[in-house]
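Colleague: I am new to this structure and would like a short tour of the ligand surroundings. Could we begin with the second ligand?
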Amino acid sequence: HQVLDPTQPRIAIIGAGISGTSAAYFLSKTPGLNPKIDVYSKDLVGGRMATVNIQGYDFETGGSVLHPRNKYMKQFAEQFGFKRKKGISGKFGLYDGSHFVYSEGDWSVMNVASLLWRYGFSLLKVNTLVGEMLNQFERIYNVQDDGYAFSNVADLLSAMDPSFNMMLERSLEAGLKHAGVSKLFIEELAHAIMRVNYGQSPDAHQFVGSVSLAGAETGLWSLHGGNKKIPHALLNASGASFYNEEVEAIHLNTDGRFSLRFKENDEMPLYDAVILATPVTNDTSTFGFENFPRQFHFPGRYHQTVCTMVQGDINYETFNFADSSSVIDDIFTTNRTLFFNSLARNYPVDIDDGAEGAPSVWKVFSNEPLAKEELDTLFSAINETFVIKWKAYPEYDGTTTTGNFTLHPGLYHVNAIEFAASAMEMGVIGARNVALLAASHLGVDIQDRKTQSFHIEL
Ligand SMILES: Cc1cc2nc3c(=O)[nH]c(=O)nc-3n(C[C@H](O)[C@H](O)[C@H](O)COP(=O)(O)OP(=O)(O)OC[C@H]3O[C@@H](n4cnc5c(N)ncnc54)[C@H](O)[C@@H]3O)c2cc1C
Ligand SMILES: CC(C)=CCC/C(C)=C/CC/C(C)=C/CSC[C@H](N)C(=O)O
């Protein structure tokens, strides 16, 4: 089709979370494109990167931690001059609903020794497996720097490592067993990590399971002042126009361009390309696609994770701690039938973890909202609670295969990548992929090194 204005193609991005804002950023940095970008979001910039204010301090309630090898997020933080906040992990314990099957004490050397004593070789094996997975994962940065893009998630994963697609087809449990990891490690540590990170179990597929295990490694970080500063800065740096509007439908016109229909606005602006940067499964969206030659299906559903922020004191008797000073920071759970997935001490976004002076705030993750009796079991005193019900990340139950980034020439969907694994860095990788696809659709030679302007230092 003819671009509306060949000197300035018009691109709409629906969603202003990390996926939408990084897509806007990458498109704006594509030499030879010079796009006019409009970003639409029905609510706040940041989406699932969000904070809540408790007693004058902000706390992360959505995307919280980043891995030291999440290179895009790291580079964004550096580029915008943002300080990183170190997340020191306090003492953690694995709680099975009646007692701790493992709990850290005061001496770090002893903690390592007792973890090794309990899980032995499996601990080292998993450490190696996750390290190897991350080595292969990192290949995507060079592939994208070289301008390669993929129309579906399976091909993008293959570019990292041809065996990654196999990891989508077997459970974390099966994958770990296959590698010789013990039943005890899988039932306790792997299970607890899946529950805190994805509210799910080692039945989830091995790819998201490996990302989840990476999310329990040391060196995790977050952004001083709140992670959502990154999507705000990306939107700003992209020069895109932002509209606080809910998009109801995308209409394909006979000339191959797209128009958007809004919930509360009669205008129908025209675009040369549209990027969907939000989940669109039936349970997350009622989005309409009009006049396309085929019907789109977005199988799968999103897992509900309820984040309850509590300013108060833990009920130390529930957990058989001797007194309030013996309470540990991170209580992870190993029992599928328990009403909460994790209970962790949280620190404000601008105070380093473990620092004195912050209010005593705890984050509880559960699959259902907590009843009063449940809160009373966990806490002996509650001053304030904030409840955020997230459609958090896909249900990784093995029934949904990964989908397509390209829905139609000129129409792209970033969040297809979430069915491989949902994480902030995954959103950015998906966004760069669709930015490359859209640029190519609009006539830019994306594999021409001269047109590449965003390079990751490996
Ligand atoms: C509780 C929780 C904890 C998490 N912890 C971590 C973590 O520690 N580390 C990590 O890496 N990841 C974590 N994640 C995952 C991570 O937050 C997400 O993968 C990522 O933020 C998704 O970003 P996104 O931009 O793709 O989607 P979203 O952030 O959901 O953005 C989509 C945006 O689109 C907008 N929108 C939707 N429909 C429309 C419409 N019709 N019209 C206009 N706008 C629309 C929405 O309002 C939203 O703002 C966590 C997620 C949750 C929920
Ligand atoms: C994408 C790669 C290679 C690594 C990301 C690893 C990572 C940081 C995974 C975490 C994913 C996730 C959904 C965590 C949710 S809970 C986070 C935190 N414990 C909290 O309490 O909020």
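This is a predicted model: local features need pLDDT of at least 70, side-chain atom pairs count only at pLDDT 80 or more; totals for chains, interfaces and linings use all residues.

Colleague: Which residues come nearest to ligand 2?

Modeller: Among the 19 residues around ligand 2, the nearest are Ser64, His67, Asn197, Gly215 and Ala423.

Colleague: And which helix gives the most to that shell around ligand 2?

Modeller: That is α9, with three residues. Helices α9 (183-198), α10 (206-214) and α13 (424-441) each contribute at least two residues to the shell around ligand 2.

Colleague: Why does ligand 2 lie between domain 1 and domain 2?

Modeller: Ligand 2 lies between them because both domain 1 (10-48 + 228-300 + 398-451) and domain 2 (50-66 + 84-119 + 219-223 + 302-394) give residues to its shell.

Colleague: Now ligand 1, please. How many residues surround it, and which are the closest?

Modeller: Ligand 1 is surrounded by 36 residues, and Gly15, Gly17, Gly47, Gly63 and Ala423 are the closest. By class, the shell around ligand 1 holds 16 nonpolar, 15 polar and five charged residues.

Colleague: Which elements each supply at least two residues there, around ligand 1?

Modeller: They are α1 (18-28), β15 (302-314), β19 (379-394) and α13. Domain 1 and domain 2 both give residues to the shell of ligand 1, so ligand 1 lies between them.

Colleague: A change of topic: what does UniProt list for residues 104-442?

Modeller: An unreviewed UniProt entry lists them as "domain: Prenylcysteine lyase". Over residues 104-442 the chain is 35% helix and 22% strand, and the end C-alpha atoms of that stretch are 56 Å apart.

Terms used. Residues are numbered from 1 along each chain as its sequence is written. Chains are lettered from A and ligands numbered from 1 in the order in which they are written. A residue is near a molecule or strand if its C-beta atom, placed from the backbone, lies within 6 Å of it. Helices (H or I, at least four residues) and strands (E, at least two) are DSSP runs, numbered from the N terminus. Domain bounds come from an automatic or database domain assignment. Ala, Val, Leu, Ile, Met, Phe, Trp, Tyr, Cys and Pro count as nonpolar, Asp, Glu, Lys and Arg as charged, and the others, Gly among them, as polar. UniProt positions are given in the numbering used here, feature names are shortened, and annotations may be inferred rather than shown by experiment.
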